[in-house]
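Trainee: I have a model to look at. Please show me how to read it, one feature at a time.

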Amino acid sequence: VRAGAESDGRRRMSGRPVVGIDASRAFPAERTGTETYSYQLLRALIARCPEWDYRAFLNAGKVAPDALDDSVELRSIPFPRFWTHARLSWEMRQHPPDLLFVPAHVIPAIHPPSVVTIHDLGYLHVAHAHPSRQRLMLDLTTRWSARVAREIIVPSQATADNLLRRYRVDPERVTVIPHGVSPAFTPVSLEARIRIRQTYRLPRPFVLSVGTIQPRKNYGRLALAVRTLVDAGHDIDLVISGREGWLTEQTLAEIERAGLGERLHVLGYVPDRDLPALYATAHVFALVSLYEGFGLPALEAMAAGTPTVVASGSGLPEIVGDAGIVVDPRSMNDIAGAISALLYDEERRAHHAAAGRERAQGYTWERAAADTEAVFRRALSGRRS
């Protein structure tokens with residue numbers, strides 16, 4: 001980590017724009033969608049735009065960011081509580097970059113011209129899935145970021161529409177930039193699929209769902225849908241991969257009430273090295289959340305060649321298009337019917353597998369970085385093209 005004042009002086013003399021990045025979410029030990037976005041986009045931006053100087057701000061206790069090259073200035077600025085509005089604000093006052101990018105958090109109280117990514121407004125659409133205090137904080141911080149950001153990035157048109165409707169944001173400041181998907185997500189060998197089955201003790205065909213274990217993911221209804229298929233004679237299991245979130249115990253209780261017994265496998269967090277093979281081994285992937293701003297696991301499943309079922313509403317239908325089956329997430333019968341249609345109809349399975357892989361090829365982190373670069377240039381110039 002380089003010293004602040006000395007480094008500031010050298011970089012200012014170079015005449016190159018300094019882009020600061022809140023990297024506090026980019027390097028956790030276990031990444032979910034927003035952390036994956038922060039990490040992958042940061043890497044792609046650095047590779048694409050070497051003419052900028054980058055300054056990544058990290059809190060203490062984070063995983064060492066060894067994925068970044070030496071051209072990135074790393075500033076560890078530890079603070080026990082209120083890191084963003086206290087410690088990062090002070091840093092912005094003392095050593096402000098030309099532009100601050102906040103990919104998965106909130107803009108600090110003191111800030112230079114800033115770009116923020118607002119991933120979703122799920123706390124408005126599925127209020128019961130969030131504790132009341134958290135719901136209030138999400139509303140206040142999103143309102144603040146939407147008001148003070150020079151430019152706003154959202155991952156889907158659904159999120160853009162929600163943002164404009166709820167917070168009356170100038171649409172000229174909002175840009176839709178979908179996420180990318182790592183090349184690691186691809187169909188895998190028979191040996192890799194056998195290894196995954198052995199590692200996680202998955203003897204039968206299974207429906208897979210990936211995401212934080214919380215009420216918004218609608219896992220209870222998905223489990224009931226799989227139970228109806230089992231009762232109808234289908235030899236199928238349900239596999240859920242995801243770390244704990246808020247109201248996890250409540251969500252797990254709902255899943256257990258479906259009565260799947262040994263056919264239920266809650267794996268917890270699955271490391272990145274195993275995820276591609278886990279997707280590719282599943283017979284069907286289902287993401288039937290009550291709300292998603294984007295839904296990166298659906299994109300990863302399609303890239304891995306797994307037929308995919310997603311929920312209507314929010315951002316998911318934008319991602320899958322005609323490559324997947326879209327269902328009503330509040331209808332257990334709709335979910336069960338879509339899964340059943342993909343289990344044994346080999347022609348339909350092959351169609352959705354091929355269509356998913358083809359569609360996923362259009363989502364790359366390089367493309368996301370190119371679109372983000374254009375947003376940064378507008379923010380740096382203070383005007384829209």
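**Reading the model**

Mentor: Start with confidence. The protein chain averages a pLDDT (the predictor's confidence in each residue, from 0 to 100) of 91, and 93% of the residues score at least 70. Over residues 1-6 the pLDDT is below 50. Beyond near neighbours in sequence, that stretch has 15 contacts in the model, a contact being heavy atoms within 4.5 Å. This is a predicted model, in which local features need pLDDT of at least 70, side-chain atom pairs count only at pLDDT 80 or more, and totals for chains, interfaces and linings use all residues. Residues are numbered from 1 along each chain as its sequence is written, and side-chain values use heavy atoms, with hydrogens and water left out.

Trainee: Which strands pair with E6?

Mentor: First, the terms. Strands (E, at least two residues) and helices (H or I, at least four) are DSSP runs, numbered from the N terminus. Two strands pair if DSSP finds at least two bridges between them. Strand E5 (residues 114-117) pairs with E6 in the parallel sense over 3 bridges. Strand E7 (residues 174-176) also runs parallel to E6, joined by 3 bridges. Look at Ile 152: its bridge partner is Val 116, and Ile 152 stands opposite Val 174 in E7.

Trainee: Are the residues of E6 buried or exposed?

Mentor: Buried means under 20% relative accessible area, exposed over 50%, partly exposed in between (1.4 Å probe, protein chains only). In E6 (residues 151-154), Glu 151 and Ile 153 point one way, Ile 152 and Val 154 the other way, and all are buried.

Trainee: What is the phi of Asn 218?

Mentor: Asn 218 has a positive phi of about 65°, although it is not a glycine. Asn 218 lies in the loop between strand E8 (206-210) and helix H8 (219-231). Its relative accessibility is 7%, so Asn 218 counts as buried.

Trainee: And where is Leu 247?

Mentor: Leu 247 is in the loop between strand E9 (237-241) and helix H9 (248-256). Its phi is positive too, about 60°, and it is not a glycine. Leu 247 counts as partly exposed because its relative accessibility is 31%.

Trainee: How is empty space found?

Mentor: Rolling a probe the size of a water molecule over the atoms shows where empty space is left. A pocket is an open set of points on a 1 Å grid over the protein atoms alone, where a 1.4 Å probe fits, with protein on both sides within 12 Å along at least five of seven lines; lining residues have an atom within 4 Å of a point. About 330 Å³ of space lies in the second largest pocket. Of its 19 lining residues, the closest to the centre are Val 181, Ser 182, Pro 183, Thr 364 and Glu 366.

Trainee: Which helix gives the most to that lining?

Mentor: H2, with 5 residues.

Note on methods: Grid points are joined across faces, edges and corners, and a volume is the space filled by probe spheres set on the points.
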